[in-house]
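Welcome, and please open your viewer.

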Amino acid sequence: MDSYERVHESLISLGMDTIEHTIDNYLENARDKSIMEILDHLLSEEVKSKLSKRYDTKLKYAGFPFRKTMEEFDFPFQRSIDKSVIDDLMTLRFMHNKENMVFLGPPGVGKTHLSVALK
Ligand SMILES: Nc1ncnc2c1ncn2[C@@H]1O[C@H](COP(=O)(O)OP(=O)(O)OP(=O)(O)O)[C@@H](O)[C@H]1O
Ligand SMILES: [Mg+2]
């Protein structure tokens with residue numbers, strides 16, 4: 001087995017799918033780059049893709065009824081909510097402090113929307 005094949009086999013064994021898929025093409029166009037720059041780029045892309053997959057899996061298992069973002073929440077429409085309180089919750093400081101957070105209010109006012117958007 002030559003080094004080309006061994007590199008690809010090792011990447012597959014290590015589950016580094018992103019590098020495995022992109023390394024050939026990237027190396028073709030990276031002749032002016034240093035080894036460190038090449039490693040930096042390839043590993044960064046692998047980490048990015050792994051983190052994104054982990055994030056998607058966590059979201060799936062969270063079992064949210066829908067996905068909504070804070071940007072989609074109409075604060076001027078919902079006058080009873082103080083945006084600065086939500087901004088503070090968005091820092092997730094309450095999790096760090098092991099505090100609970102509960103939204104109270106009548107049906108359909110956005111409690112679940114705000115809950116799933118907290119991230
Ligand atoms: N201020 C708002 N801006 C944008 N969308 C809103 C707003 N308030 C409610 N919605 C939308 O209305 C729908 C109902 O909101 P949500 O499910 O969050 O209400 P809820 O308070 O959790 O209701 P329930 O008490 O029935 O569980 C969702 O699609 C949500 O995105
Ligand atoms: Mg709800």
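**Stop one: the ligand**

Select ligand 1 and glycine 108: a polar backbone atom of glycine 108 is 2.8 Å from an oxygen atom of the ligand, a polar contact (a pair of N or O atoms within 3.5 Å). This is a predicted model, where local features need pLDDT of at least 70, side-chain atom pairs count only at pLDDT 80 or more, and totals for chains, interfaces and linings use all residues. Residues are numbered from 1 along each chain as written, chains are lettered from A and ligands numbered from 1 in the order written, and side-chain values use heavy atoms, without hydrogens and water.

**Stop two: the helix pair**

Move to α1 (residues 3–13) and α2 (residues 17–28), which pack at about 150 degrees with axes 8 Å apart. The two helices are therefore roughly antiparallel, the word for angles over 145 degrees. To see the contact (heavy atoms within 4.5 Å), select Tyr4, Val7, His8, Leu11 and Ile12 of α1 with Ile19, Glu20, Ile23 and Asp24 of α2.

Conventions
Polar contact = N/O pair within 3.5 Å; in protein donor to acceptor, adjacent residues only side chain to side chain. Axes fitted to C-alpha atoms, helices over the stretch in contact; angles between N-to-C directions. Helix = DSSP H or I, 4+ residues; strand = E, 2+ residues; numbered from the N terminus. Parallel < 35°, antiparallel > 145°, perpendicular 65-115°, else oblique.
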